[in-house]
Amino acid sequence: SAYHIAQALKAFDGRAGVTVSEMAQMEFRFVSALSHSEHGIPNLERQIAESPLLYMQVMALLWKRTDDGHDPPQWQILDPERSRDIAFAMHQVLEQMSRIPGTNANGEIVTGSLTAWLEEVRKLAAQYGRSEITDQCLGQLLAKAPHENAQSWPCTPVCEAMESIASPSIATGFVTGVRNSRGVHWRGEGGSQERELASKYRSWSQKLAFEYPYVARVLEEIAGSYDHEAKWQDSEDRVSKRLRH
């Protein structure tokens with residue numbers, strides 16, 4: 001079961017004679033079972049967060065090139081069934097990955113390290129014909145940034161990195177990542193929940209507007225999307241009430 005797989009990997013983690021690379025390989029093998037588990041994929045995501053080339057390989061196994069170039073032979077899987085299985089696993093990896101690149105041993109995100117990692121990934125993405133989709137995936141990853149405090153989000157290193165790149169596709173991915181992170185939720189009356197979310201993101205946007213205008217615009221776009229959804233939910237609620245009477 002998924003529970004026992006997670007417990008087994010937890011017991012192996014850090015044990016003498018078991019390397020980080022071996023743990024990462026086992027986490028990849030059981031990535032579907034580890035979704036939402038207590039163990040997760042800490043070794044695998046650490047390896048990816050430290051290696052732009054490994055992240056690019058994930059992109060290559062998920063998405064086709066948009067140019068006429070060729071990938072390295074070791075990235076090519078000729079068997080269609082195995083290719084689908086690997087792509088599904090890679091998608092699971094991206095969904096579960098929450099470690100922000102540039103995070104040091106103390107759990108702090110170092111701005112220079114994060115920015116350098118992003119720039120190298122984007123350079124590789126251009127080289128291997130996957131710039132736009134890679135930027136969108138990077139945006140979704142950055143949307144998992146931690147808070148510095150309750151009054152501001154995302155944290156300063158992520159703001160610095162995003163502002164220095166200011167990619168429209170990263171913005172698209174960031175908005176998607178935020179929206180997807182909401183997950184399953186109970187519906188309230190009308191669009192009240194969405195208005196609260198719009199207010200929260202707009203407040204963060206206003207706090208960042210002077211120092212990080214690009215990030216502020218992205219947060220305002222998120223707020224606007226929740227404003228729109230709130231109006232739609234209000235309309236749906238009114239229709240539902242009329243039908244009941």
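What is the volume of the largest pocket? The largest pocket has a volume of about 720 Å³. Here a pocket is an open set of points on a 1 Å grid over the protein atoms alone, with protein on both sides within 12 Å along at least five of seven lines, and lining residues have an atom within 4 Å of a point. A volume is the space filled by probe spheres set on the points, which are joined across faces, edges and corners.

A word on the model: it is predicted, with local features needing pLDDT of at least 70 and side-chain atom pairs counting only at pLDDT 80 or more, while totals for chains, interfaces and linings use all residues. Residues are numbered from 1 along each chain as its sequence is written, and side-chain values use heavy atoms, with hydrogens and water left out.

**The chain**

The protein chain has eleven helices and zero strands; helices are DSSP runs of H or I with at least four residues, strands are runs of E with at least two, and both are numbered from the N terminus. Its C-alpha atoms fill a box of roughly 65 × 45 × 40 Å along the principal axes.

Leu-94, Glu-95, Gln-96, Met-97 and Lys-144 are the closest to the centre of the largest pocket, out of 33 lining residues. Helix α7 gives the largest share of this lining, five residues. The second largest pocket has 18 lining residues, with Phe-28, Leu-44, Leu-54, Gln-57 and Met-90 nearest its centre.

**Helix α7 and its partner**

Helix α6 (residues 111-127) packs against helix α7 (residues 131-142) at an angle of about 155°, with the axes 8 Å apart. That makes the two roughly antiparallel, a term for angles over 145 degrees. Axes are lines fitted to C-alpha atoms over the stretch in contact, and angles run from 0 to 180 degrees between N-to-C directions.

Contact means heavy atoms within 4.5 Å. Among the residues that meet are Leu-114, Trp-117 and Arg-122 in α6 and Asp-135, Leu-138 and Leu-142 in α7. The contact divides into nine nonpolar, two polar and two charged residues.

Note on methods. Parallel < 35°, antiparallel > 145°, perpendicular 65-115°, else oblique. Nonpolar A, V, L, I, M, F, W, Y, C, P; charged D, E, K, R; others polar. 1 Å grid on protein atoms, 1.4 Å probe; cavity = no way out; pocket = protein on both sides within 12 Å on 5 of 7 lines; lining within 4 Å.
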